[in-house]
Amino acid sequence: MAEAESATERSVETDTEPDDGGMTFTFAGVREGFITGFPVAVGVAGYGVVFGVIADQAGLSVAEAALMSATVLAGAAQLIGVELWADSVPMATVVATVGIVNLRYLLMGAALRPWFRQLSPRAAYGSVFFTADENWALTIGKLRSGSKRGAFLLGSGLVLWLLWIVATVLGVTAGDFLGTPEQYGLDYVLTALFLTLAVGLWQGRESIRPWLAAAGVALVANAVLPGEWYVIVGALAGAVVRMVSYE
Amino acid sequence: MSNALALDPTVVALIVGMAAVTYATKAGGLWLVGRIDLSERAEAGLDVLPGAVVVAFIAPALADGGVPEWVAAGATVAVAHKTGSLLLSLGVGVGTVLAVRSVV
């Protein structure tokens, strides 16, 4: 579908920053992503167990829960989807809600564009299936620091995907024995990861205003809007502030 | 666990729907930005998007937290700034949050 189109747009767009080719899609990239992503994937797996427990309570079988984790691969969306399903909410409504919970992925995918447009459509659109908050952040940090390894998202996504499925099965079958993520501090892995990446993404004075806007609007949105809207609204506010002040 | 391998067709349909809509959001942003010709101004906005997304995630998480989360945040940022090591920052962050929670 997108193959013919992306070939033409490559010549049309004239970009500034990370371009001029050089992006690779190799096994070495997959490997690096896999290894770097492992500790983060362990943190995510804590929530895979939680999802498994909830899926079990919602009446899903081991096979159904594992199939969902393998094909959807979106933590918050799966939790909410299964909870709504257990409350006998109609399927179309559940699917629509899942879409809304996942809207932030639109922004995250857009942010990958400067690098991913240099990859083949197959590599790019295949890789994005493995996008999750955590490995997206890892990948952006890597690419921003000048890495040319376009397969990093795939590698870090694969390790996350594998542990997510294993943890789901563990949660459905043995969740009661494993305890909560909080017990192991796993609830803090995402925050610690994002803080670390924020340090790397900081661009000095230029970042101050967009980041203040993003943080402030996210805080307000978190107080007044449901679900994860605060991520989208906050991030857009940061981008808008940058666009307004652009000369 | 007699029906561990059971696959109810209705549940499979739900999973297919959820998977399709999720993939659409994951691929949609990448696809959409490629369809439109971005001005330099819009490119600048796109450029700050990663940092803005990260900050928008963190701010409410920290605001909802307490002393353990704040102390751990300081420790994480300090280690990240000093060493640039992801593994070390994660370890210090999680270790600090556990340690402070046990005393507060």
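Helices here are DSSP runs of H or I that are at least four residues long, and strands are runs of E of at least two. With that in hand, welcome to the tour; please keep in mind that this is a predicted model.

**Stop 1: chain A as a whole**

Select chain A and colour by secondary structure. Buried residues account for 55% of the 247. Taking contacts in chain A between residues at least 6 apart in sequence, 80% join residues at least 24 apart.

**Stop 2: two domains in chain A**

Now colour 23-201 and 203-247 of chain A separately; these are domain 1 and domain 2 in the domain assignment. Their C-alpha centres lie 23 Å apart. Zoom in on where they touch: domain 1 contributes six residues to the contact and domain 2 contributes five. On the domain 1 side, the elements giving two or more residues are α5 (91-101) and α6 (104-116) of chain A. That side is made of five nonpolar residues, no polar ones and one charged residue.

**Stop 3: the transmembrane annotation**

Next, select residues 33-54, 66-86, 92-112, 151-172, 184-202 and 214-241 of chain A, which an unreviewed UniProt entry lists as "transmembrane region". Residues 92-112 of chain A are 90% helix and 0% strand, and their end C-alpha atoms lie 30 Å apart. Residues 151-172 of chain A are 95% helix and 0% strand, with 32 Å between the end C-alpha atoms.

**Stop 4: two loops with positive phi**

Stay in chain A and look for A:L73, in the loop between α3 (62-71) and α4 (75-86). A:L73 is not a glycine, yet its phi is positive, at about 50°. Is A:L73 buried or exposed? It counts as buried, because 22 C-beta neighbours lie inside 10 Å.

Then move to A:S88, in the loop between α4 and α5 of chain A. A:S88 is another residue other than glycine with a positive phi, here near 60°. A:S88 is exposed, because its C-beta atom has 6 others within 10 Å, and the cut-off for exposed is 12 or fewer.

**Stop 5: chain B**

Chain B has four helices and zero strands, in the order α-α-α-α from the N terminus. Its radius of gyration is 21 Å, whereas a compact globule of 104 residues would have one near 13 Å. The C-alpha trace of chain B spans about 60 × 50 × 25 Å along its principal axes. Of the 104 residues in chain B, 46% count as buried.

**Stop 6: where the chains meet**

Bring chain A back and select the contact between the chains: 78 residues of chain A meet 65 residues of chain B. Which helix gives the most to the chain A side? That is helix α10 (residues 189-201) of chain A, with eleven residues. By class, the chain A side holds 54 nonpolar, 18 polar and six charged residues.

Within helix α10 of chain A, pick A:L193. A:L193 is buried, because 29 other C-beta atoms lie within 10 Å. Leaving out residues up to four places away in sequence, A:L193 touches A:V40, A:E134, A:A137 and B:L90. A:V40 is 153 residues away from A:L193 along the chain, yet their C-alpha atoms are separated by 7.7 Å.

**Stop 7: the nonpolar core**

Finish with the largest nonpolar core, which has 120 residues; A:A214, B:V53 and B:A56 have the most contacts inside it. Helix α2 (residues 27-57) of chain A gives the most to this core, with 13 residues. Domain 1 (23-201) and domain 2 (203-247) of chain A both give residues to this core, so the core lies between them.

Aside from neighbours within four places in sequence, B:A56 is in contact with A:A214, A:A218, A:Y230, A:V231, A:G234, A:A235 and A:G238.

Terms used
Residues numbered from 1 in each chain as written. Chains lettered and ligands numbered in written order. Predicted model: local features only at pLDDT ≥ 70, side-chain atom pairs only at ≥ 80, totals over all residues. Domains from an automatic or database assignment. Contact = placed C-beta atoms within 7 Å. Nonpolar A, V, L, I, M, F, W, Y, C, P; charged D, E, K, R; others polar. UniProt positions renumbered as here; feature names shortened; annotations may be inferred. Buried ≥ 20, exposed ≤ 12 C-beta atoms within 10 Å, placed from the backbone. Rg over C-alpha atoms; globule rule 2.2 N^0.38 Å. Core = buried A, V, L, I, M, F, W, Y, C linked by C-beta atoms within 7 Å.
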